Amino acid sequence: MNASYKRYASVLLDLGLKNSFSYGIEEKYLDQLEKGMCVKVPLRGVLQTGIVVEFSSKCPYKKVLPIHSIVSEKTLMTPELFKLAQWVSQYYHTPLARTLKLFFPKSVRKGMGHKKQQVVIRKKSLEELRQICMSVRLKKPKQAALIDELLKVEKEIFLTELTEKAGVSRSVVATLAKQELIELTTTRVDRNPLEKAEYFPSKPKKLNSDQQNAYNQISHSIENTIFQSFLLFGVTGSGKTEVYMQAMESALKQGKKALMLVPEIALTTQTVEKLKSRFKDKIAILHHRLSQGERYDQWHAIRQGLAPIVIGARSAIFAPIDKLGVIIVDEEHELSYKQTDDMPTYNARDVAVVRAKMNNATVVLGSATPSLESFNNVQNGKYKLLELKNRANSQVMPKIEVVDMKREMERSKGFTLFSQKLLSEIEKRFQKGEQSIIFLNRRGYHTSLLCTQCGEVEKCPNCDISLTFHRKNDCLACHLCDYRITPPKICSKCKSATIKFKGFGTENVESQLRKIFPSLRTLRMDADTTKHVGSYEKLYYAFRNHKADLLIGTQMVAKGLHFPSVTLVGILNCDRQFNIPDFKGSEIGFQMVTQVSGRAGRGDIKGSVVIQSFNPENSFLNHAISGDYLAFYNQEIESRKFFNYSPFSHLVKLVFRGKSEGQTLRIAQQFYNKLKMQLARAGEAQAPLPCGYPKIKEYYRFQVLLKGQNIYALIQALQKVEEQVHLPSTVKLLTDVDPSSTFF
Ligand code: ADP
Ligand code: ZN
Ligand code: ZN
């Protein structure tokens, strides 16, 4: 077949291939075909579906086959979304084909439709499966991995999805089916993720004057269909959510639609509950726990305009909503909005601003601790500031005290986990029937196993980090790759028996508190206790319904939770937060202390916060304690200016990874040498350094950091160098644009 065509189309196939393929367009399709349409094309004698991404009048290949047929008359992709995809592709330096995948769930790209597929369901209770999973973890890791995935799903999961996620073959599924732990069926169970929950209807609250002012400006902007970015800066508990809800309502009233992004963790209970009570079935929800089938249905519901409000985590920013009136990004400072482990390394908050601009829509970024970048955008006039200065129910902000742990150690003549002050406060709250939260950003029982003879720490063989001891499962576990062993009795290096556990995590805190206060009812919320489906919700409701007096947790308890009867928050070892050698270290520390403290005193009784620190003089800690955001901002912005970090320059972090340490470093070095020359005056490059995690899952990691005023100049230089240096298939390169960390 050698016919030549007037026009050619690049088609991105649904097979998950990286590249797009060229096909000729026959006369009959010339007028019909648009970018973003779904087509059937032949590949090696088989018809495949794909999306048209580009047109051209020439084709580099001699032999070109024609497009077979158009699958959907209506384009899957709107021109608006296509434009957004092109922007993301360019800004985050990622091929368009790869970028486009973000815009469609796999099930939509595959045109899965309502075809029947094999699904797997649990035949045993969650608890039984959890027990089995634990018992086979060390001996049969593949079975454990499969059960792990199965424990994460709501009801059923597609067989293909399950094996892919668990990284196991179908024979493992067959084995478990034979043991009657699971069952394979082909019936499709209902796919509405919200259906089982019940909600009490809620009415809009009467806004206080700060809220009213914020609302007026936002709704005015929506009404006028002009692009405007607002930063809604309101202390914890100031009623930002109420403003968001009324803003979305105002968009709806004007026949427009609303999109709200929330951090993944908030999607599980509270926020969804609130929104659902207000908007009922007008909402579509997108999150990572949806099965492929659910995602397919939600996506099409949104595409067809059945749900005028969409709420979701990071990737929901690419939802196919038309007539966008307002985009809301709650907790805009959250780093979880940034994709860091895959390209494009987009930040959903930044994409939200761009998308709003393309649509003449209004964007509202909300936070009690705005990111430095966003507040800087207020200072330079790009964003309009809306402030909520007080808590909504006129509760006062909690009283914060710092305990100097150096003195505490002197007094107790040795190491102590809890200060006298914290213990006495916990006891007081317990006596009064009030609740407390204890925060510690480490999970597990002990954080390492150390040999006192030779100094060796037991490390993961796949990753370059120490193994954490988990008492419940009696194992040493790697928090990066989940490698597990039974703790050795002797040092693996010098064979001496003088090995000792060091450091403490949440599991340890819980057991010590139970010893000190035998009748205190505690709950623990961390990655270990919330791994499986429903477990987070269970803990959340148990604590909210006062089934426990004290909640111990990692950053999971720091964010957004609203428990009115919590009057005490304790922060153990907050110094770790401030000591991460990263350009955002101080910012993250400040945010963390402010957010955790904000969990206290949200009801009628005034709350208090006890912070344990070995460095109580730390100025950022003190800004957080006095609730002085401006002081924090002014100090931090000076330091960013001095080191020429964001927002004063753009950063691009190149992460090279490979199984050979030498080869990976060599490639990084070659890139660095060429980049230096290519950049010339457009920016600077830093010599290759091992990443903060220098080895993960057997891959060595090196980074090269680029810095410059103009992001496109940096990317252009990189592109040139990529054309010059051959990247072997054994070394992978990830380009992180505007990285949220220069360390990890
Ligand atoms: P934020 O999101 O700023 O942390 P929330 O939206 O969770 O704060 O609000 C804190 C509490 O104040 C919630 O219980 C909310 O229902 C209540 N609230 C918000 N606005 C008002 C209002 N105008 N009048 C009375 N209560 C309000
Ligand atoms: Zn040793
Ligand atoms: Zn590991």
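What spacing along the chain do the donors of the zinc ion (ligand 2) follow? They follow C-x2-C-x36-C-x2-C.

Some ground rules. This is a predicted model: local features need pLDDT of at least 70, side-chain atom pairs count only at pLDDT 80 or more, and totals for chains, interfaces and linings use all residues. Residues are numbered from 1 along each chain as its sequence is written, chains are lettered from A and ligands numbered from 1 in the order in which they are written, and side-chain values use heavy atoms, with hydrogens and water left out.

Back to ligand 2. Its donors are Cys-451 (SG), Cys-454 (SG), Cys-491 (SG) and Cys-494 (SG), at 2.3 to 2.4 Å. A donor is an N, O or S atom within 2.8 Å of the metal (3.2 Å for Na, K and Ca); water is not among the atoms, so sites may look incomplete. The angles among the four donor atoms are 106 to 112 degrees, so the arrangement is tetrahedral. For four donors, that term needs all angles between 85 and 135 degrees.

Now the chain. Cys-451 sits in strand E18, and Cys-491 in the loop between E21 and strand E22 (499-502). Strands (E, at least two residues) are DSSP runs, numbered from the N terminus. Both cysteines, Cys-451 and Cys-491, are buried. Buried means under 20% relative accessible area, with a 1.4 Å probe and protein chains only.

Next, a residue in that loop. Ser-496 is found between E21 and E22. Is Ser-496 buried or exposed? Ser-496 is buried, at a relative accessible area of 14%. Its side chain makes a polar contact with the side chain of Thr-498, at 2.7 Å. That term means a pair of N or O atoms within 3.5 Å; within protein, one must be able to donate a hydrogen and the other to accept it, and residues adjacent in sequence count only if both atoms are side-chain atoms. Leaving aside neighbours within four places in sequence, Ser-496 is in contact (heavy atoms within 4.5 Å) with Cys-451, Gln-453, Ile-490 and Cys-491.

On to the zinc ion (ligand 3). Cys-460 (SG), Cys-463 (SG), Cys-478 (SG) and Cys-481 (SG) are its protein donors, 2.2 to 2.4 Å away. The site is tetrahedral, with angles of 104 to 113 degrees. The spacing here is C-x2-C-x14-C-x2-C. Cys-463 lies in the loop between E18 and E19, and Cys-478 in the loop between E20 and E21, so the pair ties together parts 15 residues apart in sequence. Cys-463 and Cys-478 are buried.

Key
Tetrahedral: all angles 85-135°; square planar, octahedral: opposite > 155°, others 65-115°. Helix = DSSP H or I, 4+ residues; strand = E, 2+ residues; numbered from the N terminus. Buried < 20%, exposed > 50% of the residue type's maximum accessible area, 1.4 Å probe, protein only.
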